[in-house]
Amino acid sequence: MSKTVGVVGLGAMGSAMAIMLVKAGFEVVGFDLRAAALDELEESGGKRAASPRDVAERADVVLLSLPTIEAFEAVISGQGSVTSAGKDGLVLIDTCTMPVAIKAEGARIAADCGMTLIDGTVSGNRDMILAKTLTAYMSGDESAFAPHADVISAFTRKHSFVGEFGNASKIKFVINHLVCVMT
């Protein structure tokens with residue numbers, strides 16, 4: 001049986017991740033507020049979901065690729081959220097760049113629902129995902145992440161597990177700062 005990967009947030013990055021996951025042979029189910037993003041997902045071979053909760057109910061692991069803190073908070077704990085699915089043992093891998101404290105609160109909410117949130121970040125852009133040259137960093141519960149490393153490998157050249165929760169975000173902040181300095 002193939003692993004089903006959920007993707008919540010099908011913007012530039014999330015939609016490219018979904019495309020690469022389908023190409024790698026995963027079943028992909030996704031959600032976005034924009035109908036055009038869901039149409040693109042279906043055209044790429046994925047399946048549309050009605051809500052983040054629907055994604056969580058249908059997936060073995062869920063990637064979050066969200067544009068704002070508000071979107072992250074709604075997907076983690078709002079009405080129809082991934083945690084409202086009550087799917088004990090589900091692993092959520094957040095790929096957003098946002099304050100560690102916000103992600104940590106999301107991890108607490110997920111844990112209260114029997115789920116594990118992995119702090120993940122990606123360094124690159126949509127074209128790098130589609131060319132499979134993206135680099136990713138993951139942190140948190142390594143034993144929860146390890147069975148899903150194949151998911152991250154589907155759209156990255158390299159990914160590294162970097163220890164305790166929040167470390168991936170800290171590395172991303174340093175990378176962003178260095179890009180700014182170099183630019």
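This is a predicted model: local features need pLDDT of at least 70, side-chain atom pairs count only at pLDDT 80 or more; totals for chains, interfaces and linings use all residues.
Trainee: How do helix 4 and helix 5 run relative to each other, roughly parallel or roughly antiparallel?

Mentor: Packed helices get described by the angle and the distance between their axes. Here the axes of helix 4 (residues 69-77) and helix 5 (residues 100-112) come within 10 Å and cross at roughly 5°. Angles under 35 degrees count as roughly parallel. So helix 4 and helix 5 are roughly parallel.

Trainee: And how many residues of that contact of helix 4 with helix 5 are nonpolar?

Mentor: Helix 4 brings Ile69, Phe72, Glu73, Ile76 and Ser77, while helix 5 brings Ile102, Lys103, Gly106 and Ile109. Of these residues, two are polar, two are charged, and the nonpolar ones number five.

Trainee: Is strand 7 largely enclosed or largely open, and how many of its residues are buried?

Mentor: Look at both faces: Thr135, Tyr137 and Ser139 point one way, Ala136 and Met138 the other, and all are buried. Strand 7 (residues 135-139) is therefore largely enclosed by the rest of the structure, and its buried residues number five of five.

Trainee: Which residue of strand 7 is the bridge partner of Gly120?

Mentor: Strand 6 (residues 116-123) pairs with strand 7 in the antiparallel sense, over five bridges. In strand 7, Gly120 has as its bridge partner Met138.

Terms used: Residues are numbered from 1 along each chain as its sequence is written. Side-chain values use heavy atoms; hydrogens and water are left out. Axes are lines fitted to C-alpha atoms, for helices over the stretch in contact, and angles run from 0 to 180 degrees between N-to-C directions. Helices (H or I, at least four residues) and strands (E, at least two) are DSSP runs, numbered from the N terminus. Angles under 35 degrees count as roughly parallel, over 145 as roughly antiparallel, 65 to 115 as roughly perpendicular and the rest as oblique. Contact means heavy atoms within 4.5 Å. Ala, Val, Leu, Ile, Met, Phe, Trp, Tyr, Cys and Pro count as nonpolar, Asp, Glu, Lys and Arg as charged, and the others, Gly among them, as polar. Buried means under 20% relative accessible area, exposed over 50%, partly exposed in between (1.4 Å probe, protein chains only). Two strands pair if DSSP finds at least two bridges between them.
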